[in-house]
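Please open the model in your viewer, with the sequence panel alongside, and follow the selections below in order. Each stop names what to select and then describes what is there.

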Amino acid sequence: METLLIVIIKSAIFILLFLTVSAVLTYVERRISAFIQDRLGPNRVGPFGLFQPIADVVKIIFKEEIIPANADRTLHTIAPIISLFVAYSVFAVLPLGEKLVIDGKEIKLAVADVNIGFLYILALSSLGVYGITLSGWSSNNKYSLLGALRASAQMISYELSLGLSLVGVVLVSGSIQIDEIVRSQANVWNIFYQPVGFIIFLVSAFAETNRLPFDLPEAEPELVAGYHTEYSGMKFGAFYLAEYTNIITASLLMTAFYFGGWYFPFVDIYSGMNPNLAGILQVIVFFAKAGVIIFLFMLVRWTLPRFRYDQLMRLGWQVLLPLALLNVLATGLVKMIV
Amino acid sequence: MTEIKTNGRPRTRQIKRKSNMNLLERLYLPEIIKGLSITFRQIFKPKVTFEYPDVKWQPPASFRGRPVLVVDDETGIERCVACGLCSRVCPALAIEVVADETELDKERYPKKFEINMLRCIYCGLCEEVCPEEAIVMSKEYELVFTSREEAIFGKDKLLTPASKLKDRLEFLRQMR
């Protein structure tokens, strides 16, 4: 067992790491959006505008926070905390690599080594709806409420196909422990066994993170800013941060479940390597793979237009859900025969 | 395309969408990938941004910036004879001219020539009406002032040597 101290140090490192990565992501996203639209994007603060996230954070912290007069003050304050809490607790079970060996002690590269990590992630990520729904409800604003209603309907619908698509992965890998799932892909990645499942997971992940083809909860042209219309200052920042953290978590999960986590494609380079060096390399490979997926998230944002509400529901219930069920059935049959 | 007729007149048109999409198109995914590749290629295209304070836009000769008074290069005297036509034609009543006599050949000169830049609408009528080609629109588009008084430009700010206005003067001659 790992001591409490190590767990605390690990969680601090994880939180700092994800905070920095999501701050950098805001910059990268703005830069790439700009490039896609033939613009330059933020390039004034520091070299290539690299310090832009720092300026953004300083600005958002010093901004005035306004709570509408008729808002429910308690819920209005709690909502962003829930969103952020859920976003940050999901990655507690994410193994970024295998282990480090310090002073002869093995330290796993995950905050918590839970053997039902898969279920933990599914259970917690569905809690994220509460933050959004409560924020819409407590703001006492029609746009917020509409955004929140859409968000809850959307996230609950897509939660189903998200979970079902992962059942295929569990069947193939034969474990619900995330590092076991990753280890089972040492030779062949799951995406080759589960291409349909991957597409379902990808689409559902877009819907779960409220990214553009499915960003109905905040649809600017119709709903002002959706559920966070009445938020300002760091509370708005919390929602923003939660959104980016969700994107990172979704990409990391996708890497772990379908793209062989920390494994190099088709070559086993870690066996016989110094475990510390291997551990660090694994984290880098893991993040590099996730980075490609995050880039895909950004490309999709500027390619696909927003779905209408009924189209979103039809896609979720009439296409993805039956497809996910069929995928589970087919995977099960193949597993039984082979 | 079928037309729905009410009282013999076409009202709404029913548009038939392309229904013979093949299986690949109906799956959407290949089409989405096509779209993504277009978006991806867009990243590397040249950018159109002017990084403004560092790189300034150079307007063409036809640009109408703030109006200025032309000073002849040889004599160093303004061309204006204070006829007051510009002030008369100005639709925004931005120009004020006070004339006075002078020993020079032109006999009259503007003792006071003021353009209120808060009123000026950059229509260029003053330039069009001027018989001496003495007031022209320059290329200057950066105007800053912090009070209403500052916005009234007197002769000190208006007088500009003709060599700096070459582009515009040539342009005007071509258009005449």
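**Before selecting anything**

This is a predicted model, in which local features need pLDDT of at least 70 and side-chain atom pairs count only at pLDDT 80 or more, whereas totals for chains, interfaces and linings use all residues. Residues are numbered from 1 along each chain as its sequence is written, while chains are lettered from A and ligands numbered from 1 in the order in which they are written.

**Stop 1**

Helices (H or I, at least four residues) and strands (E, at least two) are DSSP runs, numbered from the N terminus.

**Stop 2: the hairpin of chain A**

Select residues 99–102 of chain A, which are strand S1, together with S2(A); the two pair in the antiparallel sense over four bridges, where pairing requires that DSSP finds at least two bridges between the strands. Leu100(A) has Ile107(A) as its bridge partner in S2(A). S1(A) and S2(A) form a hairpin with two residues between them, and Asp103(A) in the turn has a positive phi of about 55 degrees.

**Stop 3: two crossing helices**

Next select H9(A) (residues 195–208) and H13(A) (residues 309–337), whose axes come within 10 Å and cross at roughly 145 degrees. Axes here are lines fitted to C-alpha atoms, for helices over the stretch in contact, and angles run from 0 to 180 degrees between N-to-C directions. On the H9(A) side, the contact is made by Val196(A), Gly197(A), Ile200(A), Val203(A) and Ser204(A), and on the H13(A) side by Leu320(A), Leu323(A), Ala324(A) and Asn327(A); two residues are in contact if their C-beta atoms, placed from the backbone, lie within 7 Å. These residues divide into six nonpolar, three polar and no charged, with Ala, Val, Leu, Ile, Met, Phe, Trp, Tyr, Cys and Pro counted as nonpolar, Asp, Glu, Lys and Arg as charged, and the others, Gly among them, as polar.

**Stop 4: where the chains meet**

Show both chains: the contact takes 11 residues from chain A and 11 residues from chain B. On the side of chain A that touches chain B, helix H1 (4–36) and helix H12 (275–301) each supply at least two residues, and H1(A) gives the most, with three. That side of chain A divides into eight nonpolar, one polar and two charged residues.

**Stop 5: the sheets of chain B**

Select S4(B) (95–101), S5(B) (108–116) and S7(B) (152–153), of which S4(B) and S7(B) are the edge strands, each pairing on one side only; the open sheet has the order S4-S5-S7, and its pairing is antiparallel. Between S5(B) and S7(B) there are two bridges, and Asn116(B) has Ile152(B) as its bridge partner.

The other selection is an open sheet of three strands in the order S6-S3-S8 (chain B), with mixed pairing. Its edge strands are S6(B) (135–137) and S8(B) (159–161), and the twist averages 55 degrees from one strand to the next. S3(B) (residues 67–71) and S6(B) run antiparallel and are joined by three bridges, with Pro67(B) opposite Met137(B).
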